[in-house]
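Visitor: I am new to this structure and would like to learn how to read it. Could you walk me through it, feature by feature?

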Amino acid sequence: MGPNEELGRLLGEHRFFEGMNSGSCDRLSECATLEQFKTGQYIFREGSAADRFYLIRHGSVVLEIHVPGRDPIVVDTLQAGEVLGLSWLVSPYRWAYDARADQATEAISLEVTCLRSKYDNDPALASELFKRYIPVMADRLAATRRRIIDKAKESRLTREVK
Amino acid sequence: MASLADPSAPLSEYTSLSRQDTGDFFGAEPMLPVPYRIHKRRQELSDTFTLELTPADGSHSLPFGPGQFNMLYAFGAGEVPVSISGNPANPATLIHTIRAVGPVTEALWDLKSGDVLGVRGPFGTDWPVAEAEGSDVVIVAGGIGLAPLRPAIYHVLNQREKYGDVCIYYGARTPEDILYRAELEKWRGQFDLTVDVTVDRATGKWAGKVGVVTRLLARGGFDPLQTIALVCGPEIMMRYAIKSLNQHGVANDRIYVSMERNMKCAIGFCGHCQLGPYFICKDGPVFRFDRIEPLFEIRQL
Amino acid sequence: MDQREELERLLCEHPFFRSMSPELQREIADCARSERYNAGEYIHREGEPADRFYLIRHGSVAQELRIPEQESIIIQTLHEGDILGWSWLVPPYRWTADARVMQLTRLIALDARCLRGKYADDPQLAYELLKRFIPIIANRLEASRLQLIDVYGEPRHRK
């Protein structure tokens, strides 16, 4: 698949790639596909190979952990402008959660093997891509910590340790 | 290992008694509970308690294998499967650790020393303590999951020389939720054992580890190619423990889990506990993980 | 062995740096120094400027969040081999939790400003650092989420 001007433009417009030069966006667009998901559709399932990640353009995606016999536990909800899919960065390179579209959702998917072929010999491009994940993970970690604090306040965690 | 398929097979390695022999105890009626009297009730955690029981008529408690369970019957409330938590080498007192989470366990919660409840069993499959001889043993337990594993721990410690490196890794929600804490501290003091405990969160007073139980595996202490892993806890915890064991090099055919699903008859008849082609009550609750792996992820539709 | 040699040796022993080339290890050693903290001391406090990160060699450190009118909560403890601190990579470059030493701890501190100076000119160094941090942060995030969701079940409190 050759560089796709339209996709390259869409990539450059997405918040995740803010500040990335258009040359790099064009190169990465070779790995990109525009995808549509219906409400309720699973984008990926826990345990399957994390072979692509997604930039959400419209809609909303729930990250959840399924528990037999109970409602799934919601880990996070991601909206337009956010990046979906961190597991491709870390062993064992399999999705840690289910991702389900809870509205009609449009996303650009980027295929990992293709991306690697672009950045493997180009540390500057690799850095450009990886460094964008850091503030995303920091935000999500901060959100998790806020929820932990809320829980601690609720459940009177401060009873004395025996 | 107990098996309905062959009623003359021994109930466990702890006894030559078979289901045929114990038919007398059941009155040839495995659906009939035997009355047991509580001779001690111990509060373990804010919602978890242990009952020590002996048969009300003064007869002997049945021997059991580590991993097996009984159906406990609270008069007026109903029945619930509970793993046996005692020492299989000393079955005279039947020990059950129970978490109060529903109407039957709440009814059991209200019982006091001297009260009587009904016991049917033992049922189900053992932890592979015999197969694990000669291997390293890694026990990964979470929350109440330490209770069904304790008999296996007792067995391994009683026959320590038959096993390689032994590691016990335990995770709980907070320090107040650590089950059998005094016993864990005692085991930790043994020189021929690795014991490590972590909690999901704690107040500043806690001096131990905070983090997911799978991080304890990074500490090592076992040879993944020569290890048998025994895993028990809530299903999500078992899923990520297995993932982590795989990442550390332990294959699925060397990992055993204890499954819990709704049981009714406990003898492979009613189908309530069916998991694919298996009945958890008689083909489990202990399963070798590779045998049930495709079923483990089944989502309710 | 002089101090600098000792530092380089400690760096290359630590899991984070072990797989890096000796040239890169030497670059990074320019920004490194050995530190020791006693039990009870704070390495840093929530909100303070985050201008370094640490490789823990021995000991244990509790990451704590303070809650008004309540005891602080420990959300994670870090031990030998772990990395403490990546807030130096993210604006506003401030620590997001307290780091309290639980047990005498020896670590290697790496100065962020010094490192930034080096990798501004060296994309290979930037890449080598980033590619090591990403899995660490991703695993922390996943662990944090698992610790939040109460896999062991909420206890029902009783008399």
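Guide: Gladly, and let us begin with pairing: two strands pair if DSSP finds at least two bridges between them. Helices (H or I, at least four residues) and strands (E, at least two) are themselves DSSP runs, numbered from the N terminus. In chain B, B:E52 has B:I95 of β7(B) as its bridge partner. Strand β4 (residues 48-55) of chain B and β7(B) run antiparallel and are joined by six bridges.

Visitor: Before we go on, how should I read the numbering, and what kind of model is this?

Guide: This is a predicted model, in which local features need pLDDT of at least 70 and side-chain atom pairs count only at pLDDT 80 or more, while totals for chains, interfaces and linings use all residues. Residues are numbered from 1 along each chain as its sequence is written, and chains are lettered from A and ligands numbered from 1 in the order in which they are written.

Visitor: What is the order of the strands in the open sheet of chain B?

Guide: Here is the general idea: strands of a sheet pair through backbone hydrogen bonds, either parallel or antiparallel. In this case the open sheet has six strands in the order β6-β5-β8-β3-β4-β7 (chain B), and the pairing is antiparallel. β6 and β7 of chain B are at the edges with a single partner strand each, so one side of each has no neighbour in the sheet. From one strand to the next, the twist averages 40 degrees (axes are lines fitted to C-alpha atoms, for helices over the stretch in contact, and angles run from 0 to 180 degrees between N-to-C directions).

Visitor: Which domains does the assignment give for chain B?

Guide: Domain bounds come from an automatic or database domain assignment. For chain B it gives domain 1 (22-123) and domain 2 (127-258). Taken over C-alpha atoms, the centres of domain 1 and domain 2 of chain B are 25 Å apart. Their contact takes 15 residues from domain 1 of chain B and 15 residues from domain 2 of chain B, where two residues are in contact if their C-beta atoms, placed from the backbone, lie within 7 Å. On the side of domain 1 of chain B that touches domain 2 of chain B, β3 (34-45) and β7 of chain B are the elements that give two or more residues.

Visitor: Is α3(B) mostly covered or uncovered?

Guide: To judge that, call a residue buried if 20 or more other C-beta atoms lie within 10 Å of its own, exposed if 12 or fewer, and partly exposed in between, with C-beta atoms placed from the backbone. By that count, ten of the 13 residues of α3(B) are buried, so the helix is mostly covered. Among the buried ones are B:L146, B:I153 and B:V156. The cover includes β9 (136-142) and β10 (166-172) of chain B.

Visitor: What length should a helix have?

Guide: The expected span is 1.5 Å times one less than its number of residues. Helix α3 (residues 146-158) of chain B should span 18 Å, and its end C-alpha atoms are 18 Å apart, which agrees. Helix α5 (residues 123-148) of chain C has 26 residues and reaches 37 Å from its first C-alpha to its last, close to the 38 Å expected. Just after α5(C), C:D150 takes a positive phi of about 55 degrees.

Visitor: Which strands pair with β4(C)?

Guide: Strand β12 (residues 202-203) of chain B pairs with β4(C) in the antiparallel sense over two bridges, and B:T203 stands opposite C:I73. Strand β3 (residues 52-65) of chain C also runs antiparallel to β4(C), with six bridges; there C:Q63 stands opposite C:Q76. Six of the seven residues of β4(C) are buried, so this strand is largely enclosed by the rest of the structure.

Visitor: Where does C:D82 lie?

Guide: C:D82 is in the loop between β4 (73-79) and β5 (83-84) of chain C. C:D82 is buried, with 22 other C-beta atoms within 10 Å.

Visitor: And how many residues does chain A bring to its contact with chain C?

Guide: Chain A brings 30 residues and chain C brings 27 residues. The largest share of chain A's side, 15 residues, comes from α5(A). Chain A as a whole has five helices and eight strands, and 33% of its 162 residues count as buried.
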